[in-house]
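Welcome, and please have your viewer ready. We will go from stop to stop, with something to select at each one.

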Amino acid sequence: MSKVRVLVIEDEKNIRNFMQTILTSNGYAVLTARSGEEALMMLSSHCPDLVLLDLGLPDTDGQIFIQTVRKWTQVPIIVVSARTHERDKVQALDFGADDYVTKPFNPVELLARVKSQLRRYTQLGGANVTPEVLMIGGIAL
Ligand code: CA
């Protein structure tokens with residue numbers, strides 16, 4: 001069974017490494033990008049199952065990134081940002097983000113939100129998530 005792939009878009013190395021560590025140790029395959037441009041490349045070439053997005057990127061604003069990405073994919077996007085203002089949250093959600101977590105984040109909460117978005121996406125028929133095998137009466141479905 002292939003792992004669920006999460007794309008972490010974050011320019012701060014420490015945070016990026018931290019996210020990578022907690023995701024990897026929880027069974028996710030992690031892709032990383034340090035800029036909007038790199039992230040777009042990763043998105044189109046690797047089709048991740050979920051995106052964690054920092055808003056303050058060196059080459060673009062995460063809000064613009066969300067708008068760009070939403071023109072062609074419905075991949076779940078969870079914003080992870082130090083911006084705590086309601087206006088930023090509302091705007092990100094308006095542009096098509098699925099969830100918003102503020103920094104510093106609680107790893108357990110972040111993982112729970114990732115799981116919840118993936119569950120929703122799978123139910124909506126998201127393309128890449130491998131469904132878990134169902135065993136009914138000894139038959140694997
Ligand atoms: Ca940043």
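Which residues coordinate the calcium ion? Keep in mind as you look that this is a predicted model. Select the calcium ion and show its donors: Asp11 (OD), Asp54 (OD) and Gly56 (O) coordinate the ion, at 2.2 to 2.4 Å. Along the chain, these donors follow the spacing D-x42-D-x1-G.

Next, colour the loops on either side of the ion. Asp11 belongs to the loop between β1 (5–9) and α1 (13–24), while Gly56 belongs to the loop between β3 (50–53) and α3, so this pair ties together parts that are 45 residues apart in sequence.

Now move on to the helices. Select α3 (residues 62–69) together with α4 (residues 86–95): their axes come within 9 Å and cross at roughly 15 degrees. Angles under 35 degrees count as roughly parallel, so α3 is roughly parallel to α4. The crossing of α3 and α4 is left-handed.

For the last stop, show side chains where the two helices meet. From α3, pick Gln63, Ile66 and Gln67; from α4, pick Asp88, Gln91, Ala92 and Phe95, and you have the residues that make the contact. What is the division into nonpolar, polar and charged residues in the contact of α3 with α4? Colour them by type to find three nonpolar, three polar and one charged.

Definitions and conventions:
Residues are numbered from 1 along each chain as its sequence is written. This is a predicted model: local features need pLDDT of at least 70, side-chain atom pairs count only at pLDDT 80 or more; totals for chains, interfaces and linings use all residues. Side-chain values use heavy atoms; hydrogens and water are left out. Axes are lines fitted to C-alpha atoms, for helices over the stretch in contact, and angles run from 0 to 180 degrees between N-to-C directions. Helices (H or I, at least four residues) and strands (E, at least two) are DSSP runs, numbered from the N terminus. Angles under 35 degrees count as roughly parallel, over 145 as roughly antiparallel, 65 to 115 as roughly perpendicular and the rest as oblique. A crossing is left-handed if the near helix is turned anticlockwise from the far one by less than a right angle, and right-handed if clockwise. Contact means heavy atoms within 4.5 Å. Ala, Val, Leu, Ile, Met, Phe, Trp, Tyr, Cys and Pro count as nonpolar, Asp, Glu, Lys and Arg as charged, and the others, Gly among them, as polar. Donors are N, O and S atoms within 2.8 Å of the metal (3.2 Å for Na, K and Ca); water is not among the atoms, so sites may look incomplete.
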